[in-house]
Each structure stands twice: as C-alpha cells, then as structure tokens.
Amino acid sequence: MFLDFHKGKIMDKFVLKSKYKPMGDQPQAIEMISQGILDGHKSQILLGATGTGKTSISLAWGNFVKHPSCVASVQPSWRDRTDIFGYLNEFTKKFNETDFLSYLYEAGYCDEIYTVILDEMNLAR
C-alpha cells in the first residue's frame, strides 16, 4: 500500500482518537507533523515533555499506514550502538540483531511507509 502524500487526501483519513483535547503546543505540533508528512519528509524529530503524546501519535500513524511502528529503546547518552543494532555474541559467534535492525532491513526492500520511534524514556526510567 503506497500512499501519495502530495495529493493531501491522506491526512483527511488519519484520525487520532483520544479522550483528551490537545493543549499547549500540541495543536501546533500536530499541524507541523501533518505538514511534514504532506511535504514528503522522510524523517521527523518530535521533542517535548514526557506524556505529551509524541510516542502515541507515532504509534497511531504506524497503525494507520498498516505497518506497526517499531519502538527502539535507546540510552539517553547514545554511547552504545549495540542498543540499536545488536551485538556479536562472542561465545556463539553469532550476531544478535535487534528488532530495530530487522525492521530497517524490511523497510529497505519496499516503497511503503515504516515508522521507527527511538524512545530514550523506556530505558531512562
């Protein structure tokens, strides 16, 4: 399922249901995310306080495009690349890849939309 964002009709179909009303910077952020998608940006960085819906909207978008988002937990310091890609097990001599790396391989072989969320909060707690 390839979606043509430049026609703009896709955003009319994407509806995020929540019992909460967007507040503060959220309406503006949602508009910016939507515009980035319409403009064909391949990556976007969402910054904000904990609990403002960054992960939720990304997960909803992944479900909408029929490829559930891959959530990769990363360390806030970003010093250890094995968290993202995997590691070589010295005992078995086998490379243990992460779900993130598997997801990237899969995304690299098609023109469909895949959503990756690098979420530092999952490990920072």
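A residue is called buried when its relative accessible area is under 20%, exposed when over 50%, and partly exposed in between, with a 1.4 Å probe and protein chains only. By that rule, 25% of the 125 residues of this protein are buried.

Before I go on, the model is a predicted one: local features need pLDDT of at least 70, side-chain atom pairs count only at pLDDT 80 or more, and totals for chains, interfaces and linings use all residues. Residues are numbered from 1 along each chain as its sequence is written, and side-chain values use heavy atoms, with hydrogens and water left out.

The overall layout comes next. Helices here are DSSP runs of H or I with at least four residues, strands are runs of E with at least two, and both are numbered from the N terminus. That gives six helices and four strands, in the order α-α-α-β-α-β-β-α-β-α along the sequence. The accessible surface, from the Shrake-Rupley method with a 1.4 Å probe, is about 9500 Å², and carbon and sulfur atoms account for 55% of that area. For contacts, meaning heavy atoms within 4.5 Å, I took residues at least 6 apart in sequence; 59% of those contacts join residues at least 24 apart.

Now to helix α3. This helix covers residues 54-64, and its buried residues are I57, S58, A60, W61 and G62. Just after α3, K66 has a positive phi of about 70°.

Rings of Phe, Tyr and Trp, the last by its six-membered ring, pair if their centres lie within 6.5 Å; planes under 30 degrees apart are stacked, over 60 edge-to-face, and the rest tilted. The structure has three aromatic pairs. One of them is W61 with F64, a tilted pair at 5.4 Å centre to centre and 40° between the planes. These two residues are three apart in helix α3, so about one helical turn separates them. W61 is buried at 9% relative accessibility, while F64 is partly exposed at 21%.

Another pair is Y103 with Y114, edge-to-face, with 5.1 Å between centres and 75° between planes. Which parts does that pair tie together? Y103 lies in helix α5, residues 99-107, and Y114 in the loop between α5 and β4 (116-119), so the pair links parts 11 residues apart in sequence.

On to the strands. Two strands pair if DSSP finds at least two bridges between them. Strand β2, residues 86-89, and strand β3, residues 94-97, pair in the antiparallel sense over four bridges. N89 is opposite K94 in β3. Four residues lie between the strands of this hairpin, where K93 has a positive phi near 60°.

K93 also takes part in a salt bridge, defined as a side-chain nitrogen of Lys or Arg within 4 Å of a carboxyl oxygen of Asp or Glu. Its partner is E90, with the closest N and O atoms 3.4 Å apart. K93 and E90 are both exposed. How many salt bridges does a search of the whole structure find? One.

Last, the cysteines. With a disulfide taken as a pair of cysteine sulfur atoms within 2.5 Å, the count is zero.
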